[in-house]
Amino acid sequence: MTVNVLFAAVSERWDTYERPLKEAFDAAGLAVSLATDHPPAEVDYIIYAPNSELQDFTPYTRAKAVLNLWAGVEDVVGNATLRIPLARMVDHGLTQGMVEWVTGHVLRHHLGIDTYIHGQDGIWRREVPPLAQDRPVAMLGMGALGTACAQALVAMGFDVTGWSRSEKTVDGVTCLHGREGLKQALSRAEIAVLLLPLTPETENLINGETLGWMPKGAVLINPGRGPLIDDQALLAALESGQVGHATLDVFRQEPLPAMHPFWAHQKVTVTPHIASETRPRTAARVIAENIRRGEAGDPFLYLVNRDLGY
Ligand SMILES: NC(=O)c1ccc[n+]([C@@H]2O[C@H](COP(=O)([O-])OP(=O)(O)OC[C@H]3O[C@@H](n4cnc5c(N)ncnc54)[C@H](OP(=O)(O)O)[C@@H]3O)[C@@H](O)[C@H]2O)c1
């Protein structure tokens with residue numbers, strides 16, 4: 001039997017996803033009618049990006065699941081019209097991209113690369129950086145992305161502490177949880193990476209108090225979500241020297257307005273939400289696998305917990 005799959009994302013995405021999705025459905029042995037305009041009452045699955053026009057799920061009476069193209073679900077998880085399972089994206093390509101971005105930016109600060117890029121002034125200064133084993137890094141968020149990044153940093157020798165909501169064990173990583181765990185993780189972090197989802201619990205987690213727990217001059221790297229950080233508290237901490245540098249990929253308002261103080265700030269690096277992206281070829285396989293599961297009556301992968309918001 002043919003399964004009707006609606007592709008509900010901004011129109012440019014259709015061009016990049018149509019072929020990989022069709023190939024993945026074929027490879028999974030699924031007979032799928034994939035379109036951007038199925039009649040709502042005939043749709044079985046919805047491939048979804050939260051910035052699509054579809055915001056009212058009520059007419060999709062037959063749909064079995066919404067399969068998000070993004071890892072972050074904060075813009076859809078609270079949608080009261082969505083009453084069917086919601087899966088977030090966990091994609092090998094997305095994870096790999098994040099590992100590369102995070103390790104690159106951690107290494108930049110660890111090695112003090114800026115000193116040599118911006119300080120080529122004829123003076124021979126031999127300041128040898130410590131080895132990674134002597135550089136404590138905190139990974140706030142130990143999910144699909146945080147764990148992969150933490151493991152990559154451990155493989156390079158970094159002294160990594162991970163922090164999550166629930167207790168966990170990851171080889172080579174000191175794993176902490178809870179408020180006291182956060183304090184402990186930040187208290188020794190010379191570099192902290194934020195890979196938390198945005199939920200009511202994580203909004204403004206990085207504020208004047210928590211920034212104050214970090215060693216003076218620590219570096220903050222945020223590829224998670226903008227509202228994890230209280231911007232005014234961060235600006236104050238940069239001003240006082242409590243935070244030495246912030247590398248930010250995500251912001252409360254995106255695109256970051258041209259007049260925002262982060263753009264011109266000497267101690268802030270802005271990247272325009274490019275840390276990582278869902279990669280159509282690998283993501284299509286994840287979506288096909290979830291539809292296969294749905295059709296076989298197997299549990300969906302990567303289901304979002306609505307109560308927790310991620
Ligand atoms: N900048 C980019 O390009 C980009 C790309 C993709 C994703 N992202 C962001 O990255 C985020 C993480 O993605 P993911 O796939 O790794 O998510 P995930 O697998 O759902 O992991 C989330 C992690 O955060 C932890 N967490 C959630 N709420 C918490 C709380 N209140 N206190 C402490 N820890 C908490 C979870 O703890 P438990 O393990 O205990 O559940 C888990 O370890 C996404 O939500 C998205 O916002 C950004």
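In this predicted model, the side chains of E23 and R19 meet in a salt bridge, with 3.2 Å from N to O; a salt bridge here is a side-chain nitrogen of Lys or Arg within 4 Å of a carboxyl oxygen of Asp or Glu. Because E23 and R19 are four residues apart in helix α1 (residues 11–27), they are separated by about one helical turn. Helices (H or I, at least four residues) and strands (E, at least two) are DSSP runs, numbered from the N terminus. E23 counts as partly exposed at 42% relative accessibility, whereas R19 is exposed at 62%; buried means under 20% relative accessible area, exposed over 50%, and partly exposed in between, with a 1.4 Å probe and protein chains only. As a general point, side chains of opposite charge can pair when their charged atoms come close.

The model is a predicted one, in which local features need pLDDT of at least 70 and side-chain atom pairs count only at pLDDT 80 or more, while totals for chains, interfaces and linings use all residues. Residues are numbered from 1 along each chain as its sequence is written, and side-chain values use heavy atoms, with hydrogens and water left out.

By the salt-bridge rule, the count comes to 16 salt bridges, and the table gives some of them.

| Pair | N to O distance | Relative accessible area |
|---|---|---|
| E23 and R19 | 3.2 Å | E23 42%, R19 62% |
| E74 and R225 | 2.5 Å | E74 23%, R225 16% |
| E289 and R292 | 3.0 Å | E289 24%, R292 30% |

The salt bridge between E74 and R225 links distant parts of the chain, 151 residues apart, with E74 in the loop between β4 (65–68) and β5 (86–87) and R225 in the loop between β10 (218–222) and α7 (231–240). Of this pair, E74 is partly exposed, whereas R225 is buried. E289 and R292, by contrast, both lie in helix α9 (residues 280–296), where they are three residues apart, about one turn of the helix. These two residues also belong to a network of salt bridges that links E289, R292, R293 and D298.

Turning to helix packing, the axes of helix α2 (residues 92–111) and helix α4 (residues 144–155) come within 9 Å and cross at roughly 50 degrees, which makes α2 oblique to α4. Axes are lines fitted to C-alpha atoms, for helices over the stretch in contact, and angles run from 0 to 180 degrees between N-to-C directions. Angles under 35 degrees count as roughly parallel, over 145 as roughly antiparallel, 65 to 115 as roughly perpendicular and the rest as oblique.

Some backbone details also deserve attention, and as a general rule most residues other than glycine have a negative phi, and most peptide bonds are trans. A cis peptide bond joins E254 and P255, with omega about -5 degrees, and P255 lies in the loop between β11 (243–248) and α8 (261–264). H273, a residue other than glycine, has a positive phi near 50 degrees; H273 is placed in the loop between β12 (268–270) and α9 and counts as partly exposed at 33% relative accessibility. Y302, which is not a glycine either, has a positive phi of about 60 degrees; Y302 is found in the segment after α9 and is partly exposed at 30% relative accessibility.
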